[in-house]
Amino acid sequence: MFKIYAVLISLLLVNAGMAQNRFTLNGYVKDSLSGESIIGATISVSGQSKAVTSNQYGFYSITLEEGTYTLQVSHVSYAGVSLQLVLHGNQSHNFDL
């Protein structure tokens with residue numbers, strides 16, 4: 001019985017050690033000329049199937065593992081922008097389209 005508990009505890013510790021840090025990137029997407037919030041802008045991570053859209057206030061929030069990412073921000077009515085960033089903690093970044 002002790003061996004079963006020892007194995008289960010070992011597996012839990014190994015799994016916890018393999019987990020990566022996850023951080024949140026958030027901010028606002030706005031019109032560069034008027035400063036108005038852009039509703040429904042898409043913020044996507046290049047090379048991944050992860051994306052979010054800005055809400056009615058232009059706010060977005062995405063949680064990613066620690067690392068380097070290229071973000072694409074787009075909306076049907078605007079020219080898109082790209083940003084490469086190193087995510088090593090919770091960060092805020094606003095986009096102007």
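Modeller: Here is a quick tour, from the whole chain down to a few single residues. Keep in mind that this is a predicted model.

Biologist: OK, how many helices and strands are there in the protein?

Modeller: The protein has 1 helix and 8 strands.

Biologist: And in what order do the elements run from the N terminus?

Modeller: The order is α-β-β-β-β-β-β-β-β.

Biologist: What share of the residues is buried?

Modeller: Buried residues make up 24% of the 97 residues.

Biologist: What about contacts between residues 24 or more positions apart?

Modeller: Take the contacts with a separation of 6 or more. Residues 24 or more positions apart account for 52% of them.

Biologist: Let's do strands. Which way do β1 and β4 pair?

Modeller: They are antiparallel. Strand β1 covers residues 22–30 and strand β4 covers residues 59–65. The pairing has 7 bridges.

Biologist: Which residue of β4 is opposite G27?

Modeller: That is Y60.

Biologist: How does β1 pair with β7, parallel or antiparallel?

Modeller: Parallel, over 2 bridges. Strand β7 is residues 91–92. There, S92 is the bridge partner of N26.

Biologist: And what joins β1 to β8?

Modeller: There are 2 bridges, and these strands run parallel. Strand β8 is residues 95–96. Its F95 is the bridge partner of V29.

Biologist: How many bridges join β2 to β5?

Modeller: The count is 4, and the two strands run antiparallel. Strand β2 is residues 42–45 and strand β5 is residues 67–75. As an example, T42 stands opposite S74 in β5.

Biologist: How far is V52 from I62, by C-alpha atoms?

Modeller: Their C-alpha atoms are separated by 6.7 Å. Along the chain, V52 and I62 are 10 residues apart.

Biologist: Over to β6. Is A79 buried or exposed?

Modeller: A79 lies in strand β6. A79 counts as exposed because its relative accessibility is 62%, and the cut-off for exposed is over 50%.

Biologist: And how far apart are A79 and L97?

Modeller: They are 18 residues apart along the chain. Their C-alpha atoms are separated by 6.4 Å.

Biologist: Last one, D31. Where is it found?

Modeller: D31 is in the loop between β1 and β2. D31 is buried yet has no salt bridge.

Biologist: Which side chain of opposite charge is nearest to D31?

Modeller: That is K30, and it is 11 Å away.

Biologist: Then what does the D31 side chain join up with in a polar contact?

Modeller: The side chain of Y78, at 2.9 Å.

Biologist: What else does D31 contact?

Modeller: Setting aside neighbours within four places in sequence, D31 is in contact with E36, I38, Y78 and L97.

Conventions:
Residues are numbered from 1 along each chain as its sequence is written. This is a predicted model: local features need pLDDT of at least 70, side-chain atom pairs count only at pLDDT 80 or more; totals for chains, interfaces and linings use all residues. Side-chain values use heavy atoms; hydrogens and water are left out. Two strands pair if DSSP finds at least two bridges between them. Buried means under 20% relative accessible area, exposed over 50%, partly exposed in between (1.4 Å probe, protein chains only). Lys and Arg count as positive and Asp and Glu as negative; His and the chain ends are not counted. A salt bridge is a side-chain nitrogen of Lys or Arg within 4 Å of a carboxyl oxygen of Asp or Glu. A polar contact is a pair of N or O atoms within 3.5 Å; within protein, one must be able to donate a hydrogen and the other to accept it, and residues adjacent in sequence count only if both atoms are side-chain atoms. Contact means heavy atoms within 4.5 Å.
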